[in-house]
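Hi everyone, thanks for coming. Please have a look at what I'm putting on the screen.

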Amino acid sequence: MIRPCWKFFSFLAAARLCELKVPDSDITTWWHENSVVNTNTSVAADQVRRSQRYNVSIFLAGEDDFHDSFVYESIPRNGNGKMFDPAQPGKEYDLADGDGITIEADEGINMAWTQFIYRKDVDVRIITTDGSSIGPASNVVIRPVDLGFTVKSPNDNTVLIRVPLQSSGARFSVEFKNDLFTYRSNGADYVNDGGVIVSGEPRNGLIIFASPPLPKNLIPSKIASNV
């Protein structure tokens, strides 16, 4: 397995990103050497937050040669609390209207995503990290709902989604009916009981980005003068 690695830079962070690709493979995935499951706080500058809920792997349709695909995760405020300024750690903002985050941190709401490149039809395998149930197939909702993907659940903690090759790729969310959080409001605040239902969302969100390879004419040369 080939593992070319690069420094992956984001705001105040640098972590190693490795491409996982078997020679002549029709699937390309990525992995981070230094990842961590952390559900409450920010992670170190050289680490990347990994999903607490999902493991995802990709394989050619009907085959059994899995390629692990790194599942990133985002938690409310990135675990930093009511941070006023990254340059002033420990100082919290004091805004009467808040920052749009209400009960999500307390309820453990999180969002995960993964991306891969595919050149043929593939199956996306999702397995829960703790063995909890996400099956049967009738428990799964793919959005947009008109994609028509075939969903199977060979085990209670496993789901398989067939993703046909498309020139434009596919971007879709995977929801599980037994993992939805309902927001209730009494008109002033969110409440756990009573009130009026105002919205709902997955407690553990998951988005899949299935990308076709870029045409060579869209890949800039490393020695081009305008790169």
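I'll talk about one asparagine and then about some aromatic rings.

First, some ground rules: this is a predicted model, where local features need pLDDT of at least 70, side-chain atom pairs count only at pLDDT 80 or more, and totals for chains, interfaces and linings use all residues. Residues are numbered from 1 along each chain as its sequence is written, and side-chain values use heavy atoms, leaving out hydrogens and water.

Let's find Asn-38, in the loop between β4 (35-36) and β5 (48-49); strands here are DSSP runs of E, at least two residues, numbered from the N terminus. Is Asn-38 buried or exposed? Asn-38 counts as buried, at 18% relative accessibility, where buried means under 20% relative accessible area with a 1.4 Å probe, protein chains only.

What does its side chain reach? The side chain of Asn-38 comes to 3.0 Å from the backbone nitrogen of Asn-40. Beyond neighbours within four places in sequence, Asn-38 is in contact (heavy atoms within 4.5 Å) with Val-43, Arg-49, Glu-73 and Ile-75.

Now the rings. The structure holds 9 aromatic pairs, meaning rings of Phe, Tyr and Trp (its six-membered ring) with centres within 6.5 Å; planes under 30 degrees apart are stacked, over 60 edge-to-face, and the rest tilted. Tyr-54 and Phe-176 make a tilted pair, 6.0 Å centre to centre with 35 degrees between the planes. Tyr-54 sits in strand β6 (residues 54-60) and Phe-176 in strand β14 (residues 170-176), so the pair ties together parts 122 residues apart in sequence. Tyr-54 is buried at 0%, and Phe-176 is buried at 2%.

Conventions
Helices (H or I, at least four residues) and strands (E, at least two) are DSSP runs, numbered from the N terminus. Buried means under 20% relative accessible area, exposed over 50%, partly exposed in between (1.4 Å probe, protein chains only). A polar contact is a pair of N or O atoms within 3.5 Å; within protein, one must be able to donate a hydrogen and the other to accept it, and residues adjacent in sequence count only if both atoms are side-chain atoms.
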